[in-house]
Number of protein chains: 4
Amino acid sequence: MPDKKILASQLADRFDDKFHDECGIFGIYNHPEAAHLAYLGLYAQQHRGQESAGIVSSNGRKIYHHKGMGQVAEVFTEEVLKDLRGWLAIGHTRYSTAGDSALLNAQPLLAGFNKGLVAVAHNGNLTNARQLRKRLEESGSIFQTTSDTEVLLHLIARSGKKDFEDALADSLLQLEGAYSLVLLTGDRLYAIRDPRGFRPLAIGMMVQNQSLPLGPDLGRGETYVFASETCAFDLIGARFVGDLQPGEIARVDAGGLTRFRFAPETPHSFCIFEHVYFSRPDSQVFGRPVHASREALGRRLAREAPADADIVVPVPDSGVAAAIGYSAESGLPFRFGLIRNHYVGRTFIEPEQSIRDFGVKLKLNPVRTLLEGQRIVLVDDSIVRGTTSRKIVRIIREAGAKEVHVRISCPPTVAPCYYGIDTPTQKELIAANYSLEGIREYLGADSLAYLSLDGLRDAVSDARGEFCTACYTGNYPTKLVNIPVETSSRR
Amino acid sequence: MPDKKILASQLADRFDDKFHDECGIFGIYNHPEAAHLAYLGLYAQQHRGQESAGIVSSNGRKIYHHKGMGQVAEVFTEEVLKDLRGWLAIGHTRYSTAGDSALLNAQPLLAGFNKGLVAVAHNGNLTNARQLRKRLEESGSIFQTTSDTEVLLHLIARSGKKDFEDALADSLLQLEGAYSLVLLTGDRLYAIRDPRGFRPLAIGMMVQNQSLPLGPDLGRGETYVFASETCAFDLIGARFVGDLQPGEIARVDAGGLTRFRFAPETPHSFCIFEHVYFSRPDSQVFGRPVHASREALGRRLAREAPADADIVVPVPDSGVAAAIGYSAESGLPFRFGLIRNHYVGRTFIEPEQSIRDFGVKLKLNPVRTLLEGQRIVLVDDSIVRGTTSRKIVRIIREAGAKEVHVRISCPPTVAPCYYGIDTPTQKELIAANYSLEGIREYLGADSLAYLSLDGLRDAVSDARGEFCTACYTGNYPTKLVNIPVETSSRR
Amino acid sequence: MPDKKILASQLADRFDDKFHDECGIFGIYNHPEAAHLAYLGLYAQQHRGQESAGIVSSNGRKIYHHKGMGQVAEVFTEEVLKDLRGWLAIGHTRYSTAGDSALLNAQPLLAGFNKGLVAVAHNGNLTNARQLRKRLEESGSIFQTTSDTEVLLHLIARSGKKDFEDALADSLLQLEGAYSLVLLTGDRLYAIRDPRGFRPLAIGMMVQNQSLPLGPDLGRGETYVFASETCAFDLIGARFVGDLQPGEIARVDAGGLTRFRFAPETPHSFCIFEHVYFSRPDSQVFGRPVHASREALGRRLAREAPADADIVVPVPDSGVAAAIGYSAESGLPFRFGLIRNHYVGRTFIEPEQSIRDFGVKLKLNPVRTLLEGQRIVLVDDSIVRGTTSRKIVRIIREAGAKEVHVRISCPPTVAPCYYGIDTPTQKELIAANYSLEGIREYLGADSLAYLSLDGLRDAVSDARGEFCTACYTGNYPTKLVNIPVETSSRR
Amino acid sequence: MPDKKILASQLADRFDDKFHDECGIFGIYNHPEAAHLAYLGLYAQQHRGQESAGIVSSNGRKIYHHKGMGQVAEVFTEEVLKDLRGWLAIGHTRYSTAGDSALLNAQPLLAGFNKGLVAVAHNGNLTNARQLRKRLEESGSIFQTTSDTEVLLHLIARSGKKDFEDALADSLLQLEGAYSLVLLTGDRLYAIRDPRGFRPLAIGMMVQNQSLPLGPDLGRGETYVFASETCAFDLIGARFVGDLQPGEIARVDAGGLTRFRFAPETPHSFCIFEHVYFSRPDSQVFGRPVHASREALGRRLAREAPADADIVVPVPDSGVAAAIGYSAESGLPFRFGLIRNHYVGRTFIEPEQSIRDFGVKLKLNPVRTLLEGQRIVLVDDSIVRGTTSRKIVRIIREAGAKEVHVRISCPPTVAPCYYGIDTPTQKELIAANYSLEGIREYLGADSLAYLSLDGLRDAVSDARGEFCTACYTGNYPTKLVNIPVETSSRR
């Protein structure tokens with residue numbers, strides 16, 4: 001029997017056969033409303049994970065924490081925020097796969113050990129977590145979550161180094177894969193980015209116009225902030241200073257901000273998908289405006305794969321920016337031929353007598369009078385399983401379109417991501433299993449074209465090969481030894 | 001002390017100084033899941049009112065009802081829908097002003113009287129409700145809501161006509177102002193539109209591919225549906241047949257659909273604001289696609305008020321369609337320079353240490369790298385109080401824009417609406433109180449232009465003067481005698 | 001399939017085959033926190049109705065209201081209470097039968113008509129409501145609830161008398177049956193009791209120790225309160241002044257309290273069941289402490305129906321007071337042989353593999369070590385359908401009791417109540433259909449005895465025959481012409 | 001500013017200055033609805049902890065879990081229970097002090113380590129947890145909760161023993177203090193009681209009348225259950241077999257139930273407070289019916305401290321059983337002079353204009369007509385801070401009582417409990433700081449008497465000195481080295 005309830009999380013801001021993922025992190029040091037700004041900073045990064053959210057704050061002596069299932073505005077009430085006292089804080093917002101969606105895995109993780117109390121929020125995915133976990137369990141560690149992040153806490157606890165920072169650096173060097181981290185000890189904040197720099201982590205600053213009654217040594221009135229994306233800075237009025245470098249640790253304490261490397265220089269592997277789809281267009285990621293990349297993707301796509309058509313129609317919202325680029329380059333008019341419904345609530349009840357393509361229709365309505373008799377260029381940012389794209393092509397045709405030319409603003413997705421984007425397995429990726437013609441036929445499109453890998457690199461100005469393109473090539477920049485842990489859980 | 005909680009309803013799909021309005025209605029006859037389709041039909045019309053929702057259904061013998069505060073997906077659970085049995089149903093979704101926002105005014109209204117039980121859902125506003133109410137009270141009627149709609153029920157109850165339909169027609173002729181109605185008696189459905197046709201009401205049909213086990217005489221397998229906007233038909237797969245005519249009643253019963261006039265022909269007064277802002281772009285309203293009107297508004301605006309600028313930026317989402325038209329006509333590139341945040345929850349907590357323009361920033365983020373150094377044409381569909389527009393101009397400037405040229409896709413709003421759109425009082429309407437130059441100065445814009453009234457009429461092809469433009473001219477097509485009732489209430 | 005969810009309302013404070021009913025009312029005049037005290041006054045009377053609650057307040061000029069489904073503490077939050085401004089208020093708490101359990105019937109009812117705005121809260125049941133309603137509908141009234149109370153509002157509105165009080169008195173004289181009422185007009189409070197005095201209504205007073213910043217003429221610092229039961233006064237610290245007399249109206253306005261008769265003297269019909277079961281033991285009802293009546297019932301029962309047994313065990317909580325009386329009179333030790341579980345939540349989920357007598361076991365656990373081998377006198381206040389009593393006898397036997405002697409502290413319930421207590425129909429009343437021996441056998445008891453009617457009257461000192469005993473005799477003190485209205489509704 | 005919201009948890013089943021405590025545990029092996037019966041078993045033990053609840057279940061291969069804040073019926077919905085699959089389960093219900101009330105400490109704890117996955121639920125308190133934790137942290141363990149229980153998991157993980165049971169026994173021997181435990185590994189259930197037997201743990205059995213489709217080797221149709229109190233068995237229809245012995249481990253696996261000692265015989269230290277107050281009267285605890293102990297306490301108290309009075313009145317519900325005993329022994333009549341309100345919801349809002357003794361009045365109402373002019377023996381089970389007792393004495397006097405003689409059914413509480421009962425610190429215990437006369441004066445009582453220690457021991461038949469009476473004597477049976485951990489948290 002089909003499930004009659006359609007979870008909004010399956011619909012919320014992207015389709016249910018796209019990428020659900022992953023995490024947004026935030027850190028703030030020296031602000032009288034640290035937790036409240038963390039809440040705003042997470043809110044601005046809500047698109048990076050809608051399943052759970054958490055904040056850990058500190059007044060330098062005592063640590064406060066709260067986490068829960070749901071979106072930021074649901075998890076934190078005014079009362080909860082008031083109780084999250086102190087002047088430094090870290091926060092986390094998260095999506096994850098069904099298997100480990102439990103509250104138990106919500107972050108920040110908080111643990112006490114021989115070097116004090118530490119809280120950590122993690123964006124990314126470790127590729128040797130399983131190995132490390134096995135080794136740690138063998139020597140007597142216990143694991144209370146299925147999250148990779150817990151491994152790091154154990155490594156720090158077990159490190160031979162007495163000093164926290166030495167132990168931290170020591171432990172980080174044992175990790176493989178993707179990690180952007182913010183850590184909070186009682187009175188310090190750390191921000192860390194893995195040596196390859198898979199995930200972004202930006203540094204921001206605010207200068208208070210008054211001296212603040214904070215901790216003993218904190219008269220200087222400077223607030224430091226860290227976030228996965230710079231859009232978090234815009235909301236709270238912080239200034240974007242620059243990216244934390246791959247392999248770098250930033251420490252903020254009473255002496256201000258100190259940055260140092262914990263790892264030797266390594267080739268970079270910036271996640272190209274942050275530019276293709278994942279980041280907000282108003283963020284600057286890896287030193288580059290996302291909207292500019294997306295428009296460039298569309299322009300390049302128009303050059304590589306022109307179409308003899310009447311109008312350019314995006315799949316909203318993911319295909320909008322590329323469609324604008326395509327339209328600008330091709331000269332074909334840009335039209336909102338699919339209207340997105342913004343009122344999708346938490347759950348939606350399907351009628352017994354099933355309506356064809358119900359899930360997609362709930363979200364998108366074709367504008368018949370605009371599409372009728374037209375030849376359409378339909379622009380989207382990716383095709384994953386193909387099921388939703390197929391439904392969209394169908395409803396456009398049923399609205400009277402004469403031709404549908406599907407244009408995708410990146411190469412075919414042929415390999416799962418192991419660095420923090422929740423792609424389905426290879427078996428489920430349509431482009432890993434079918435030819436271009438096969439996919440076109442499945443979609444029911446008149447033509448189908450993807451952007452080339454060169455075009456993609458060009459669009460993000462990746463002259464030096466600093467981007468990871470594993471999902472389009474299968475060439476993973478690190479060893480892969482991770483195997484999922486077998487416990488199950490429910491919310 | 002300012003209120004620290006920002007209600008999502010103030011932000012949800014439009015800005016808090018814009019139009020909160022009004023109502024969407026839906027009716028369905030002869031379908032085994034009548035209430036469920038009503039739920040979907042209301043959902044598709046959620047933009048017409050997010051404050052309360054209700055459905056009344058019937059199996060021809062017994063009437064079932066449920067209403068509640070909130071959006072459709074919150075008010076109706078699977079369990080509730082199951083209990084709304086029967087094969088005919090009407091539904092209502094509503095926004096209303098603070099004073100009478102109570103559940104008590106949620107619709108459909110349901111009453112028993114000498115002609116049986118009747119439920120009614122109303123979109124519009126009566127301009128002689130106060131007068132009628134006074135007269136009815138004088139002769140012994142009691143009022144349990146502050147809604148105009150209750151007046152109609154009393155008139156029917158008190159009509160000298162014995163037959164329900166005679167009494168109905170008799171009562172309607174006493175009403176002045178705007179009303180599109182769906183009524184349900186035990187086994188009949190009525191749809192009604194006022195003689196001037198202020199509000200839309202569309203007729204749709206579905207043909208069941210099987211014979212349905214419904215009421216005794218209902219073998220024919222035809223389902224009739226009615227909705228304020230045709231987008232409701234698209235979601236449930238119904239076919240748009242045409243508009244109910246002004247002054248017309250449609251009755252659906254075991255004999256099928258019957259249409260007849262209850263009022264003589266009168267000049268029409270279609271609400272032009274449905275095309276400017278209120279309806280969904282994918283609807284056909286007053287026989288005309290809304291998206292086409294909006295693009296035409298933008299094109300016309302570009303011709304009337306060109307700007308020496310670099311890019312065209314819409315205020316999302318209300319200004320998008322007109323901005324596309326402006327861009328197409330002017331040749332200036334269209335860019336999403338303001339990113340809208342779709343994750344605004346029910347309430348949002350403002351920090352103590354207030355962030356400038358917090359409310360707007362929560363909803364819109366300027367894309368600095370796109371705006372910096374540019375001359376911007378900022379397109380929106382209207383300016384009401386001006387406070388939000390001013391904030392938007394400011395954040396665009398702070399993002400580095402060199403010039404901001406505000407272009408509004410309709411004439412200045414100088415008079416409140418008394419036909420169902422919730423505009424503020426004249427005192428609060430900036431254009432009713434300031435000159436063009438005064439408004440420009442207040443907004444902090446480099447230039448400001450509104451579309452002309454002729455341009456507006458042209459864009460909606462109003463050759464015959466069938467549209468009401470009272471909000472732009474103050475020329476009301478009916479007498480105005482309504483005075484608000486003084487009771488207060490809370491949710 | 002049996003329903004797996006057991007509603008707490010079926011269990012909450014009494015068993016699901018007992019009396020659910022009915023209403024508690026409260027009124028307060030001249031207090032700066034009128035609505036808040038109404039909330040407390042309703043809370044103290046929560047046992048009189050747990051299904052919905054409502055308060056209407058006024059500051060003399062403007063009326064505020066809120067009602068909702070659920071218990072008092074659920075319906076009213078701090079925010080809601082703050083919004084219920086003013087210095088006079090009325091409140092209502094309600095249970096009702098399934099058919100009309102909707103929010104729509106929640107009270108107070110509020111209506112506007114030719115004599116202004118009036119809110120009313122009603123405890124009782126009219127026996128000619130159906131007749132009156134028919135007559136009113138015939139002359140053009142519309143009904144928006146299925147509640148009797150709405151009839152009164154229509155009668156006042158249609159009264160030929162111009163003055164509100166004249167119209168009120170005029171209307172009351174047309175009502176038959178049971179009604180204790182509190183009414184609020186903008187600046188006045190009325191309390192009313194039907195001429196037979198079926199339901200209680202008590203008057204209380206508080207003297208403020210400071211002069212209050214209230215309405216213009218209200219310097220006097222006296223607060224008047226009204227409640228169904230005096231326990232409401234105890235919680236808020238008001239002094240019980242005396243009962244409102246049957247056929248009396250009390251008006252409180254700027255001139256203080258005025259009492260006058262609206263009806264000639266009539267024989268009284270105080271509900272004896274208020275003393276047997278319904279009222280709280282700490283209330284004084286009809287001028288007499290309830291706990292004293294209950295103990296007297298038990299003592300009298302011990303004399304009328306002694307048992308050769310070892311211990312007296314009450315069915316908690318309803319049988320406790322009578323059991324103490326029985327024990328005191330008989331000399332048999334009183335023991336809590338059944339432990340009541342106070343943690344019954346809103347719903348409780350039954351296991352698939354059904355547990356025998358699950359519903360009763362959730363609420364009551366027999367104390368095996370106390371019952372084992374003993375001869376038990378089991379005291380309860382009534383047997384309605386007999387199903388629960390049968391289960392209780394069974395679990396006591398299964399706990400090892402040697403003999404179970406059931407003693408009921410009133411006569412057999414043979415006729416339904418039409419004056420405000422929600423008894424099942426005669427067909428469902430076991431005592432209306434079976435002999436004493438038949439009931440004993442059904443219960444599986446070793447012996448069974450009810451209190452005699454004389455004994456009952458004696459216990460409440462009813463020398464003058466002022467009590468209604470219709471449920472035990474079928475002799476109704478008024479004509480009965482009510483027929484239920486056929487609309488259906490859901491919460 | 002005083003907090004206007006009174007948490008129901010402060011009122012729910014005991015007063016807010018009494019003991020908030022502690023935990024109830026439950027385990028079940030071999031039942032097709034294991035989690036559902038665990039839910040019922042926890043529900044029956046709800047009085048042992050209302051703050052959080054959790055269940056871990058298993059089908060022998062996969063582990064399912066859910067926990068949340070609130071009472072059992074709130075934490076578990078039908079949907080949640082359905083997802084907790086399998087045929088063995090453990091559950092936990094918990095109260096705890098403010099400092100560590102977070103969800104993070106909710107049990108069962110679940111961890112993976114070198115010996116597999118294990119879940120544990122703990123009732124009690126370790127007195128060397130701090131020491132063990134420090135030692136574990138020093139050797140590299142991390143702690144994610146502030147709960148004692150986590151220590152045990154680490155000890156097992158780090159044990160040199162390869163076999164799980166050897167490691168378990170090894171680890172238990174390192175613990176000092178109170179622990180009754182249920183543990184679940186994938187396909188086994190363990191129940192454990194500390195060598196002194198501070199906390200109860202009962203064994204029960206059910207025999208299924210059908211063969212169940214469970215794990216491979218489980219044809220035998222016997223279900224084993226464990227619970228803190230036997231009342232849990234009554235609800236689910238299980239038979240009480242006997243207590244688990246102090247120092248004993250019970251293992252249930254495919255081979256059935258096996259019991260063995262893990263610790264040498266030690267003097268016993270049964271918590272006497274389980275009989276005085278904590279356990280339900282219908283439970284058998286430490287081989288003895290609780291109701292019998294309580295009645296004996298009251299009888300003995302009547303002999304030791306007679307009063308020249310008219311009636312015996314209990315503080316409901318805690319003083320009821322002892323008051324019955326006192327009445328029976330003294331011949332003074334037992335009367336419910338204080339009526340308890342059962343409708344206290346989650347939060348209750350106090351009026352601005354404070355009502356004297358508001359919190360107590362919300363819960364208890366004195367029956368004026370019963371108390372007036374009487375000399376009262378007021379029986380309660382303990383006085384902790386004295387503030388609530390003082391309020392109760394005051395409201396009894398204000399209701400007109402002539403004399404109030406307070407009788408407490410145990411000795412003065414002079415020392416905090418470190419074995420799992422949440423008593424306040426010594427500084428807050430009135431009896432630790434004031435003389436008998438001082439307490440009497442503070443309470444405003446005419447006389448005050450406590451039961452003697454000998455009387456207490458006698459009442460529970462403690463001939464062999466097997467009970468811990470540290471709270472009355474300060475003689476702790478174990479070394480105390482625990483110091484609270486300094487992290488703070490919120491729900």
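Colleague: How many residues of chain C are in contact with chain D?
Modeller: In this predicted model, 49 residues of chain C are in contact with 49 residues of chain D.

Colleague: Which elements of chain C supply the side that touches chain D?
Modeller: Several elements each supply at least two residues of that side, among them α2 (34-44), α10 (290-304) and α11 (320-330) of chain C. The strand β20 (347-349) of chain C is also one of them.

Colleague: And how do the residues on that side of chain C divide by class?
Modeller: There are 26 nonpolar, 11 polar and 12 charged residues on the side of chain C that touches chain D.

Colleague: What about chain A and chain D: how many residues does that contact take from each?
Modeller: It takes 27 residues from chain A and 27 residues from chain D. On the side of chain A, β4 (63-69), β6 (109-113), α5 (129-138) and α6 (149-158) each supply at least two residues. By class, this side of chain A has 10 nonpolar, 11 polar and 6 charged residues.

Colleague: What rotation superposes chain A on chain D?
Modeller: A rotation of 179° does so, with 0.0 Å of shift along its axis and an RMSD of 0.1 Å. The two copies are therefore related as by a two-fold rotation axis. In chain A, the C-alpha nearest that axis belongs to A:Ser141, at 3.1 Å.

Colleague: Is B:Leu42 buried or exposed?
Modeller: B:Leu42 counts as buried, because it has 30 C-beta neighbours inside 10 Å. B:Leu42 lies in helix α2 (residues 34-44) of chain B. Beyond its neighbours within four places in sequence, B:Leu42 is in contact with residues including B:Gly24, B:Ala53 and B:Val72.

Colleague: Now the strands of chain C. Why is β23 of chain C described as largely enclosed?
Modeller: Strand β23 (residues 403-408) of chain C has 5 of its 6 residues buried, so it is largely enclosed by the rest of the structure.

Colleague: Which strands pair with β23(C)?
Modeller: Strand β22 (residues 375-380) of chain C runs parallel to β23(C) and is joined to it by 6 bridges. Strand β24 (residues 447-450) of chain C also pairs with β23(C) in the parallel sense, over 4 bridges. As an example, C:Asp380 has C:Ile408 in β23(C) as its bridge partner.

Colleague: A last topic, the backbone. Where is there a cis peptide bond?
Modeller: One joins A:Gln107 and A:Pro108, with omega of about 0°. Another joins B:Pro316 and B:Asp317, with omega of about -10°. Most peptide bonds are trans.

Colleague: And what is phi for A:Asn30?
Modeller: A:Asn30 has a positive phi of about 75°, although it is not a glycine. A:Asn30 lies in the loop between β2 (23-29) and α2 (34-44) of chain A, and it is buried, with 25 other C-beta atoms within 10 Å.

Methods. Residues are numbered from 1 along each chain as its sequence is written. Chains are lettered from A and ligands numbered from 1 in the order in which they are written. This is a predicted model: local features need pLDDT of at least 70, side-chain atom pairs count only at pLDDT 80 or more; totals for chains, interfaces and linings use all residues. Two residues are in contact if their C-beta atoms, placed from the backbone, lie within 7 Å. Ala, Val, Leu, Ile, Met, Phe, Trp, Tyr, Cys and Pro count as nonpolar, Asp, Glu, Lys and Arg as charged, and the others, Gly among them, as polar. Copies are superposed by least squares on the C-alpha atoms of residues with pLDDT of at least 70 in both. A residue is buried if 20 or more other C-beta atoms lie within 10 Å of its own, exposed if 12 or fewer, and partly exposed in between; C-beta atoms are placed from the backbone. Two strands pair if DSSP finds at least two bridges between them.
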